[in-house]
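Reader: I am new to this one. Could you take me through the terms as they come up?
Author: Gladly. Have a look at it, and then ask.

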Amino acid sequence: MTDRKDELAGNLAKVEERIAAACAAAGRPREDVTLIVVTKTYPAEDVRILAELGVRHVAENRDQDAAPKAAACADLPLTWHFVGQLQTNKVRSVVGYAHHVQSIDRSKLVTVLSREAVRAGREVGCLIQVALDAGESGRGERGGVAPGGIEELADLVARSPGLRLDGLMTVAPLTGEYAGRQRAAFERLMDLSTDLRRAHPAANMVSAGMSADLEQAVAAGATHVRVGTAVLGVRPRLG
Ligand SMILES: *Cc1c(COP(=O)(O)O)cnc(C)c1O
């Protein structure tokens with residue numbers, strides 16, 4: 001346990017250094033960027049250690065794993081982000097622990113989330129997941145809605161009880177015009193965020209960047225980076 005704590009502390013320190021350096025290079029204050037540690041596939045004990053080490057934001061992408069983990073960590077001062085593709089039959093469970101759902105990608109999901117948030121007496125912060133590899137109207141390979149679909153979904157979230165429109169999220173595309181061009185992808189997301197904030201000024205979260213590309217995300221203006229591997233280690237392949 002102590003070994004694991006030392007390991008996580010060392011990894012966290014390195015990630016913190018990278019974020020601080022990226023902020024400095026971009027002329028941004030360090031407080032502009034929030035680190036979200038993606039704890040998927042790792043046990044609740046790791047989440048507990050991370051909380052002891054000062055982590056306050058964690059993310060998960062599968063309700064089956066996240067729900068028991070969040071329950072085991074309910075005493076910790078953590079904000080939980082859901083970042084995976086979300087089926088409507090999992091929404092009731094997710095609303096039980098998630099403060100933010102970053103993977104809003106269709107109106108049906110918004111409708112069900114709203115209903116369940118109201119039912120649970122909770123307010124859920126919503127980020128529209130943008131697929132930069134999709135056609136203007138299509139869906140991305142890794143989830144998300146095409147840029148042309150943001151406005152309609154955002155307006156729907158904004159007028160749905162129990163939901164709060166927080167901003168945009170993306171995963172750097174592996175295919176299409178942005179493949180291998182993370183900086184350009186994240187700059188495009190920032191432009192879309194600027195557009196969104198004209199109608200929804202409070203929706204100022206921009207969630208972008210993972211272990212491999214957090215520097216590009218910070219340079220482009222991301223407010224939240226989602227880091228898994230660089231903190232917890234390489235994940236065992238999911239079966
Ligand atoms: C797993 C995951 C991350 C973290 O990825 P790493 O490369 O391990 O840092 C970030 N965002 C989403 C949506 C993820 O599913």
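Author: One definition to begin with. A cavity is a set of grid points where a 1.4 Å probe fits but cannot get out. The model is predicted. Its largest cavity has a volume of about 50 Å³.

Reader: How many cavities of 30 Å³ or more does a search of the whole structure find?
Author: The search finds 1.

Reader: Which residues line the largest cavity?
Author: Gln129, Val130, Ala131, Leu132, Asp133, Arg142, Gly143, Thr170, Val171 and Pro173. By class, that lining has 5 nonpolar, 3 polar and 2 charged residues.

Reader: What makes Gly count as polar in such a lining?
Author: The class list decides. Gly is placed among the polar residues there, so Gly143 of the cavity lining counts as polar.

Reader: What makes a pocket something other than a cavity?
Author: A pocket is an open set of points, whereas the probe cannot get out of a cavity. The largest pocket holds about 690 Å³ of space. Its lining has 26 residues, and Lys40, Arg142, Val171, Met210 and Arg235 lie nearest its centre. The lining divides into 11 nonpolar, 9 polar and 6 charged residues.

Reader: Which residues are around the ligand?
Author: Val38, Lys40, Val83, Met210, Ser211, Arg226, Val227, Gly228, Thr229 and Arg235.

Reader: Which residues have the most contacts inside the largest nonpolar core?
Author: Val101, Ile104, Leu113 and Val225, in a core of 71 residues. Another core, of 8 residues, lies apart from it and includes Val38, Leu127, Met169 and Met205.

Conventions: Residues are numbered from 1 along each chain as its sequence is written. This is a predicted model: local features need pLDDT of at least 70, side-chain atom pairs count only at pLDDT 80 or more; totals for chains, interfaces and linings use all residues. Side-chain values use heavy atoms; hydrogens and water are left out. On a 1 Å grid over the protein atoms alone, a cavity is a set of points where a 1.4 Å probe fits but cannot get out, and a pocket is an open set with protein on both sides within 12 Å along at least five of seven lines; lining residues have an atom within 4 Å of a point. Grid points are joined across faces, edges and corners, and a volume is the space filled by probe spheres set on the points. A nonpolar core is a set of buried Ala, Val, Leu, Ile, Met, Phe, Trp, Tyr and Cys residues joined through side-chain atoms within 4.5 Å. Buried means under 20% relative accessible area, exposed over 50%, partly exposed in between (1.4 Å probe, protein chains only). A residue is near a molecule or strand if one of its heavy atoms lies within 4 Å of it.
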